[in-house]
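Let's take a friendly walk through a protein structure. Please have a look at the picture before reading on.

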Amino acid sequence: MNVADILSSGMPTRKLGAMASRVQDVGHAGEEPLSVFLERGVVRRSDTEGNHNVLGADLAKYQLVQPGDLVFNRLRTWQGGFGASGYRGIVSPAYIVLRPRDADARFLQYVLLSRPYLAELTRLSKWMPPSQFDILWADLKTIELPCPTLTEQRRIADFLDDRVARIDQIIAARRLQRALAFEALRAELETRLWPQRESVPLKTLVADVTSGPRGWGDLVCEEGAEFVRITNLRPLGIELDRTNLLHVAPPPGAEATRSRLETGDVLLSITAVFGEVSVWRGGTGAFSQRVARIRPLNRRDSDWIAWVLQCHSLHDQY
């Protein structure tokens with residue numbers, strides 16, 4: 001289904017620019033800084049971890065956001081980087097802040113997050129190398145949306161809020177279940193793989209250890225060497241998660257040779273979540289700077305080393 005199919009359903013429609021006005025209310029440096037996260041929408045910066053974006057030097061230029069406003073991160077809009085705000089605060093002057101008129105921001109958010117509208121947002125966005133798209137208000141306001149009555153919009157948004165909350169609860173329960181299962185398996189690994197016997201330094205079992213090259217995230221392409229990132233490593237287990245495996249075109253030279261993967265290489269996360277492991281089973285591959293490659297002297301030791309690297313007793317030595 002595309003946007004045209006949605007709009008041909010017979011429901012009244014209006015352009016986004018007729019349903020919301022852009023506001024650029026500046027001069028509120030003392031207000032709480034907000035940000036827009038993918039999959040989370042508008043959040044307080046104080047509630048987030050790992051937000052490495054530095055606040056600007058002059059917060060007086062930041063835009064005021066009121067509860068019920070719709071906020072867009074222009075460079076991430078095509079990925080769903082927008083949301084209805086539940087907070088009062090300030091956001092970067094590079095963002096787009098909309099104040100709905102006879103419209104519910106939550107309803108607009110849900111419509112725009114649907115697959116057909118994300119495709120339309122991507123189409124309207126301008127390519128910003130190496131991996132981003134920028135959208136302008138002049139284009140954003142032209143998007144035509146279904147427009148039921150305000151009462152119906154609120155009813156739909158309330159229904160979806162309830163369903164999303166239930167799904168979030170199920171996801172949280174599954175994550176807890178998985179974490180408990182991982183701990184039980186790690187305890188079993190500890191018993192079976194870490195007996196009270198003489199141990200040897202890891203360096204005596206490996207031929208080479210190295211981290212991935214810097215900046216290769218900019219070399220991502222449709223075809224080329226498979227590119228292993230932390231997200232492809234397992235928190236427990238040794239098989240690579242290929243769900244979101246990217247490809248890169250390595251430049252010629254010594255760096256490409258150094259970071260080439262061979263069958264039996266053990267891959268270990270070394271930043272963010274430390275200690276996740278996988279074994280490379282073959283094919284042309286490379287790895288990111290946040291991953292270390294351990295090349296065993298004997299490839300028959302690869303699986304053993306990968307499993308032992310996940311034991312608590314060895315984690316204590318990291």
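This report looks at a pair of helices, a nonpolar core and some salt bridges in a predicted model.

Start with helix H3 (residues 105-113) and helix H4 (residues 115-124), whose axes come within 5 Å and cross at roughly 80 degrees. H3 and H4 are therefore roughly perpendicular to each other.

Which residues make the contact between H3 and H4? From H3 come Val111, Leu112 and Leu113, and they meet Arg115, Tyr117, Leu118 and Leu121 of H4. The residues of this contact divide into 6 nonpolar, no polar and 1 charged.

## The largest nonpolar core

In soluble globular proteins, nonpolar side chains tend to be buried together. Here the largest nonpolar core has 25 residues, and Leu140 and Leu145 touch the most other members.

Several elements give two or more residues to this core: helices H2 (16-19), H3, H4 and H5 (137-140), together with strands S6 (70-72), S7 (82-84) and S9 (96-100). The element that gives the most is H3, with 5 residues.

## Salt bridges across the chain

How many salt bridges does the structure hold? There are 20 salt bridges in the structure. One of them joins the side chains of aspartate 134 and arginine 74, at 2.7 Å from N to O. Aspartate 134 lies in strand S11 (residues 132-134) and arginine 74 in the loop between S6 and S7, so this pair ties together parts that are 60 residues apart in sequence. Aspartate 134 counts as buried, at 13% relative accessibility, whereas arginine 74 is partly exposed, with a relative accessible area of 22%.

Now look at aspartate 265 and arginine 295, a salt bridge whose closest N and O atoms are 2.9 Å apart. This pair also links distant parts of the chain: aspartate 265 is in the loop between helix H7 (254-258) and strand S17 (266-269), and arginine 295 is in strand S20 (residues 291-296), 30 residues apart. Is aspartate 265 buried or exposed? At 0% relative accessibility, aspartate 265 counts as buried. Arginine 295 is buried too, with a relative accessible area of 13%.

## A salt-bridge network

Arginine 106 in H3 forms a salt bridge with aspartate 161, with the closest N and O atoms 2.6 Å apart. Aspartate 161 sits in helix H6 (residues 150-193), and the two partners are 55 residues apart.

Arginine 106 counts as partly exposed at 24% relative accessibility, and aspartate 161 as partly exposed at 30%. Both belong to a network of salt bridges that links Asp104, Arg106, Asp158 and Asp161.

How values were computed
Residues are numbered from 1 along each chain as its sequence is written. This is a predicted model: local features need pLDDT of at least 70, side-chain atom pairs count only at pLDDT 80 or more; totals for chains, interfaces and linings use all residues. Side-chain values use heavy atoms; hydrogens and water are left out. Axes are lines fitted to C-alpha atoms, for helices over the stretch in contact, and angles run from 0 to 180 degrees between N-to-C directions. Helices (H or I, at least four residues) and strands (E, at least two) are DSSP runs, numbered from the N terminus. Angles under 35 degrees count as roughly parallel, over 145 as roughly antiparallel, 65 to 115 as roughly perpendicular and the rest as oblique. Contact means heavy atoms within 4.5 Å. Ala, Val, Leu, Ile, Met, Phe, Trp, Tyr, Cys and Pro count as nonpolar, Asp, Glu, Lys and Arg as charged, and the others, Gly among them, as polar. A nonpolar core is a set of buried Ala, Val, Leu, Ile, Met, Phe, Trp, Tyr and Cys residues joined through side-chain atoms within 4.5 Å. Buried means under 20% relative accessible area, exposed over 50%, partly exposed in between (1.4 Å probe, protein chains only). A salt bridge is a side-chain nitrogen of Lys or Arg within 4 Å of a carboxyl oxygen of Asp or Glu.
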